[in-house]
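Subject: Structure handover

Hello,

Here is the structure you asked about. Please keep it open while you read the notes below it.

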Amino acid sequence: TTAPDAGNPFNGYTIYLSPYYADEVVAAAAAISDATQKAKALRVKDIPTFIWFDVIAKTPQLGVYLADADAKAKASGEKYLVQIVVYDLPDRDCAAAASNGEFSIINNGMNNYRRYIDQLVAEIKKYPDVRIVAVIEPDSLANLVTNLNVAKCSGAQDAYKQGTTYAIQQLNAVGVYMYLDAGHAGWLGWPANLNPAAKLFSDLYKAAGSPQFVRGLATNVANYNALNAASPDPVTQGNPNYDEMHYINQLAPQLTSGGFPAHFIVDQGRSGVQGLRQAWGDWCNVYGAGFGMHPTLNTGSSLIDAIVWIKPGGECDGTSNTSAARYDSHCGIASAHKPAPEAGTWFQAYFENLVKNANPPL
Ligand SMILES: O=[N+]([O-])c1ccc(O[C@@H]2O[C@H](CO)[C@@H](O[C@@H]3O[C@H](CO)[C@@H](O[C@@H]4O[C@H](CO)[C@@H](O)[C@H](O)[C@H]4O)[C@H](O)[C@H]3O)[C@H](O)[C@H]2O)cc1
Ligand SMILES: [Mg+2]
């Protein structure tokens, strides 16, 4: 694979359903006694989400999924696309505690990260007929825009830049279509953050050699913002970019003029209900959230390739156990659903609420 297809990489492709998430959903539905809710829950297993590679031990599993997608493609005559999240930088999630990862900079982190990327690439090379869309490193570059005052983030600055650069260059060489994580309207969408964000993204993109398969940015990953809010959520007060569409419309021209003609994908997996948060910065297991707009290419904007579900609804954002090593206070606040298990593990009560509160209804 030398050059990307022009236009929207999702066009004409069948999205591969994560068996991992489907299994979680089937088990969750089995635990729901109400017949109506159980039926609604089961519908979620047929909605495509992104598969998160949050530990190096999961990298061989990518080959299993690619082989499965390849077989399904050959059996059906359809073209298959697998959605993944690359998420294993050393000193990960530097401004929070809930999703701290396995690698640390001081403990050979950069070598371990390159090994992680190399192992993903080795699996990808085996299945050239399966298209891959990858979200690159949620919460990494966004933290370099707003949190250099946090020691762990300023200490991780070089690692995040070198790591994401290595990732996009290596994945570009094997034809993976990529969207860099770009926080959300309530993070980088504040007017004061827009230009610094655009500069960081376009500088990194150009320094990496403008990799052709880097299609643009992913927004609202694991967050709750509306794509198009009917009216501004009160917590957005002070920010004219009160939803993802406003954020994208303001950011895109700054990226283009910076030499990065970006398109976007927007996570709506947990955006069905607005007006839930006490503060816009509340990000952990926000209570009352619902599954949102279903994945579609009918986005209403030429800037947005697809509405997607990136954070798999029902997988926890972080533990509420105050004595846990990865306890983050954001998971203990009023708007956080408690008690909550460790980040990434199944949060049954939360999933049941996502089903109940889904908008559009399941
Ligand atoms: O009135 N004004 O003019 C004005 C101007 C600027 C203001 O400051 C802005 O305030 C914003 C909050 O409103 C801050 O945004 C929050 O930043 C946090 C990281 O620091 C993010 O947390 C991450 O969330 C991820 C999931 O999204 C988690 O996976 C991850 O673990 C977790 O760490 C929150 O989402 C995000 O909402 C901005 O930094 C800050 O610059 C405020 C007012
Ligand atoms: Mg997180």
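The notes below cover the ligand, a salt bridge and some backbone details.

This is a predicted model, in which local features need pLDDT of at least 70, side-chain atom pairs count only at pLDDT 80 or more, and totals for chains, interfaces and linings use all residues. Residues are numbered from 1 along each chain as its sequence is written, chains are lettered from A and ligands numbered from 1 in the order in which they are written, and side-chain values use heavy atoms, with hydrogens and water left out.

Ligand 1

Ligand 1 is surrounded by 16 residues, counting a residue if one of its heavy atoms lies within 4 Å of the ligand. The closest are Asp93, Asp139, Asn147, His184 and Asn223. By class, this shell holds seven nonpolar, seven polar and two charged residues. Here Ala, Val, Leu, Ile, Met, Phe, Trp, Tyr, Cys and Pro count as nonpolar, Asp, Glu, Lys and Arg as charged, and the others, Gly among them, as polar.

Taken alone, ligand 1 exposes 790 Å², and the protein buries 70% of that (areas by the Shrake-Rupley method with a 1.4 Å probe).

Salt bridges

The model has 13 salt bridges, each being a side-chain nitrogen of Lys or Arg within 4 Å of a carboxyl oxygen of Asp or Glu. Side chains of opposite charge can pair when their charged atoms come close. One of the bridges joins Asp70 and Lys74, with 3.0 Å from N to O. Because these two are four residues apart in helix α3 (residues 59-76), about one helical turn separates Asp70 and Lys74. Helices (H or I, at least four residues) and strands (E, at least two) are DSSP runs, numbered from the N terminus.

Backbone

Which residues are joined by a cis peptide bond with omega of about -5°? They are Lys338 and Pro339, and Pro339 lies in the loop between β8 (304-308) and α9 (348-356). Another cis peptide bond, with omega about 5°, joins Asn359 and Pro360; Pro360 is in the segment after α9.

Asp91, in the loop between β3 (80-86) and α4 (109-125), has a positive phi, near 55°, although the residue is not glycine.

Regards
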